[in-house]
Number of protein chains: 2
Amino acid sequence: MRYPPEHKAEKRQALIEASSALLKQGGYAATGIDKLMEASGVTSGAFYSHFGSKAELLQALVPHELELSRNAWESNPHTEPTAWLEFELERYLNIKHVRHPEAGCMLPSLGAEIARANAATRKVFEEEMEKGVLMLEQKLGNADLAWTFICQLVGAILVARAMPTKAAQLTVLDANKRILLESLTRTLASFAE
Amino acid sequence: MRYPPEHKAEKRQALIEASSALLKQGGYAATGIDKLMEASGVTSGAFYSHFGSKAELLQALVPHELELSRNAWESNPHTEPTAWLEFELERYLNIKHVRHPEAGCMLPSLGAEIARANAATRKVFEEEMEKGVLMLEQKLGNADLAWTFICQLVGAILVARAMPTKAAQLTVLDANKRILLESLTRTLASFAE
DNA sequence: GTCTATAGATGGATAGAC
DNA sequence: GTCTATCCATCTATAGAC
């Protein structure tokens, strides 16, 4: 046959990727399937050849997005813990990240809606987060610190995005960066003792 | 006249209070005005005697909710910084807070939708947050630390809520509590030097 | 597999009776 | 000020033509 079975899987993946930016930008509940499919140049009818429901799209979005986030961490060129952290703080706690949710981490924009999603979606979320924490644990030497670091970053972007001006957004970002750099460096040093 | 002008303001306030739980639980976009008014025993027609639009309700919800959050902080009985923090960590980073968004802080549940709201709503949000940071600054001695503390707490609840099991939620909460207590105590000590 | 068309429900918001 | 009724848009999801 002309189109092998994996062609359908590829199309499905393409729909997920095209939907992700719109969902992160506008929110899951507020963004209709029509609009999501428009981004891929198809109509909403085509959507249901690839997904059983809108909820299934959200579930599929979770591993896609969290894998991208882990890849970003992996691309950090530093090996020394403090330098690695400094680089990560600059990358995540960035004003561009605040102002462009469509290109950023799914957690600040869709975290609350994942929390309201069905059990299957949250199960996938947990599994993908565990992978991320495992990776971070190897950098930071401690699982507690890994969870805390993630929560801090997510909260900082969430709060900064709710601010009305760039100045206020920078206030939030810079405060977080200053405290985190100082505090984490000291925490890492205490582990090394 | 039988009903003084403030009676209307009181009714408006009552509608806000009755809506708040449903909005935090179900999300702003996903919860209709019909359902919100049902909680007050009126129909959606009555809504528009008190609010010009659904967006105006969200804007009114922000000062109401953030004042409640500040009041909770104020009720902390401790004066010594470390004891104050410990109490606050137990209060906010609590499994009940994770599992009952309708009774908790608006930031983890509605923060992302405030970030997508209009400029007027975000302006009010900023003003109310400044008040909270000012109050926290007096407890922690540092504005950067106040912002960071808030972001950390919000992120922790957001991430914990997205977890599928109570065990996983506790993992997130406990990790944050352990690191925060240790790290903040050390940071406070460094300020005292 | 994607299209058009549409069902069926619900969304925000308005009009007019009381 | 609140009600019922309704407008109109949009939502998720399905049916049938191609």
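What pattern does chain A follow when read along the sequence? Chain A follows α-α-α-α-α-α-α-α-α-α, with 10 helices and 0 strands. Here helices (H or I, at least four residues) and strands (E, at least two) are DSSP runs, numbered from the N terminus. Please keep in mind that this is a predicted model, in which local features need pLDDT of at least 70 and side-chain atom pairs count only at pLDDT 80 or more, while totals for chains, interfaces and linings use all residues. Residues are numbered from 1 along each chain as its sequence is written, chains are lettered from A and ligands numbered from 1 in the order in which they are written, and side-chain values use heavy atoms, leaving out hydrogens and water.

Let us begin with chain A as a whole. Its C-alpha trace spans about 60 × 40 × 30 Å along the principal axes. Of the 193 residues in chain A, 49% are buried. Buried means under 20% relative accessible area, exposed means over 50%, and partly exposed is in between (1.4 Å probe, protein chains only). Now take the contacts in chain A with a separation of 6 or more: residues 24 or more positions apart account for 67% of them. A contact means heavy atoms within 4.5 Å.

A:Arg99 sits in helix H6, residues 95-99, and is partly exposed at 41% relative accessibility. Leaving aside neighbours within four places in sequence, A:Arg99 is in contact with A:Lys166 and A:Gln169. A:Gln169 is 70 residues away from A:Arg99 along the chain, yet their C-alpha atoms are separated by 9.2 Å. The other residue, A:Asp144, belongs to helix H9 (residues 143-161) of chain A. Is A:Asp144 buried or exposed? A:Asp144 counts as buried because its relative accessibility is 18%. If we do not count residues up to four places away in sequence, A:Asp144 touches B:Ala175, B:Arg178 and B:Ile179.

Which residues of H5(B) are buried? They are B:Trp84, B:Leu85, B:Glu88, B:Leu89 and B:Tyr92. These residues lie on the same side of H5(B), because they cover an arc of only 130 degrees around the axis. The arc is that of the directions from the helix axis to the C-beta atoms. On the partner side, the buried residues of H5(B) pack against several helices of chain B, including H4 (54-74), H8 (119-140) and H10 (166-192).

Next comes a pair of helices. Two packed helices are described by the angle between their axes and the distance between the axes. H9(B) and H10(B) pack at an angle of about 170 degrees, with their axes 9 Å apart. Axes are lines fitted to C-alpha atoms, for helices over the stretch in contact, and angles run from 0 to 180 degrees between N-to-C directions. H9(B) and H10(B) are therefore roughly antiparallel to each other. Angles under 35 degrees count as roughly parallel, over 145 as roughly antiparallel, 65 to 115 as roughly perpendicular and the rest as oblique. Among the residues that meet are B:Leu145, B:Phe149 and B:Arg161 in H9(B), and B:Gln169, B:Val172 and B:Phe191 in H10(B). By class, this contact has 13 nonpolar, 4 polar and 1 charged residues. Ala, Val, Leu, Ile, Met, Phe, Trp, Tyr, Cys and Pro count as nonpolar, Asp, Glu, Lys and Arg as charged, and the others, Gly among them, as polar.

With 6% relative accessibility, B:Ile150 counts as buried. B:Ile150 touches B:Trp73, B:Met129, B:Val133 and B:Leu136, not counting residues up to four places away in sequence.

Finally, look at B:Gln59 in helix H4 of chain B. B:Gln59 has a relative accessible area of 26%, so this residue is partly exposed. Apart from residues up to four places away in sequence, B:Gln59 touches B:Asn118, B:Ala120, B:Thr121 and B:Val124.
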